[in-house]
Amino acid sequence: LESLDVVGWASGAALLIPRRALRMVGGLDDGFFMYMEEVDWCLRATEHGWRVRYVPSAVFTHTGQHASKSSGGRTYLHNLRSRVRYFRKHHGAVAAVVAKAILLTSLVLKWTSTRLGARGAEASEVYVRGVEAVWAA
């Protein structure tokens, strides 16, 4: 296993976690809802001396986003809030403010381009809700 690539994190859909690591690190943080929890767990595992490895020969099929497709944009808002929470938890309040600024800038640009584009006001509403979610995070 030493020749496998060490990575910062891996998709939670494909994580294989040794029982010893789970006992040592603990489970996923319930404060994250569906996004960033595996990034958080992998960082905590690394802090406990474990390594996250990528196995290029492994084949895994993730048919993808079944839960998020049925939520009507709510998972997008959870994703935004989780990103801010992750930075606050692991990098402090200043990093969380910087993450919020980056996310807010991105959302305003997406809102602007959507409003000016063919999809118009209805499609841009998710970005308005995104700004509200990030601001409140």
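**Salt bridges, cores and ring pairs in a predicted model**

Aspartate 40 and lysine 89 make a salt bridge, with 2.9 Å between the closest N and O atoms; the term covers a side-chain nitrogen of Lys or Arg within 4 Å of a carboxyl oxygen of Asp or Glu. Aspartate 40 sits in helix H2 and lysine 89 in helix H4, so this pair ties together parts that are 49 residues apart in sequence. Helices here are DSSP runs (H or I, at least four residues), numbered from the N terminus.

A quick word on the ground rules. The model is a predicted one, in which local features need pLDDT of at least 70 and side-chain atom pairs count only at pLDDT 80 or more, while totals for chains, interfaces and linings use all residues. Residues are numbered from 1 along each chain as its sequence is written, and side-chain values use heavy atoms, with hydrogens and water left out.

Back to the charges. A search of the whole structure turns up 4 salt bridges. One of them joins aspartate 29 to lysine 89, whose closest N and O atoms are 2.7 Å apart. Aspartate 29 belongs to the loop between H1 and H2, whereas lysine 89 is in helix H4, so the pair ties together parts that lie 60 residues apart in sequence. Another links arginine 44 with aspartate 40, at 3.0 Å between the closest N and O atoms. Those two are separated by about one helical turn, because they are 4 residues apart in helix H2.

How covered are these charged residues? Buried means under 20% relative accessible area, exposed over 50%, and partly exposed in between (1.4 Å probe, protein chains only). Aspartate 40 is buried, with a relative accessible area of 0%. Salt bridges with shared partners join Asp29, Asp40, Arg44, Arg85 and Lys89 into one network. Arginine 44 is buried too, at 14%, and aspartate 29 is buried at 17%. Lysine 89, by contrast, counts as partly exposed with its 35% relative accessibility.

Methionine 36 is in the loop between helix H1 (19-25) and helix H2 (37-47). Most residues other than glycine have a negative phi. Methionine 36 is not a glycine, yet its phi is positive, at about 75 degrees. With 13% relative accessibility, methionine 36 counts as buried.

Next come the nonpolar cores, meaning sets of buried Ala, Val, Leu, Ile, Met, Phe, Trp, Tyr and Cys residues joined through side-chain atoms within 4.5 Å. The largest has 11 residues, including Leu77, Leu80, Val84, Leu103, Leu107, Val126 and Tyr127. Helix H4 (74-91), helix H5 (93-116) and helix H6 (120-136) are the elements that each give two or more residues to this core.

What about the aromatic rings? Rings of Phe, Tyr and Trp (its six-membered ring) pair if their centres lie within 6.5 Å, with planes under 30 degrees apart counted as stacked, over 60 as edge-to-face and the rest as tilted. By this rule there are 2 aromatic pairs. Tyrosine 76 and tyrosine 127 form an edge-to-face pair, 6.3 Å centre to centre with 80 degrees between the planes. This pair links distant parts of the chain, as tyrosine 76 is in helix H4 and tyrosine 127 in helix H6, 51 residues apart. Tyrosine 76 counts as partly exposed at 25% relative accessibility, while tyrosine 127 is buried at 15%. Tyrosine 86 and phenylalanine 87 also pair edge-to-face, at 5.5 Å centre to centre and 90 degrees between the planes. Of these two, tyrosine 86 counts as buried at 9% relative accessibility and phenylalanine 87 as partly exposed at 33%.

Last, the outside of the model. Isoleucine 102 lies in helix H5 and is exposed, with a relative accessible area of 55%.
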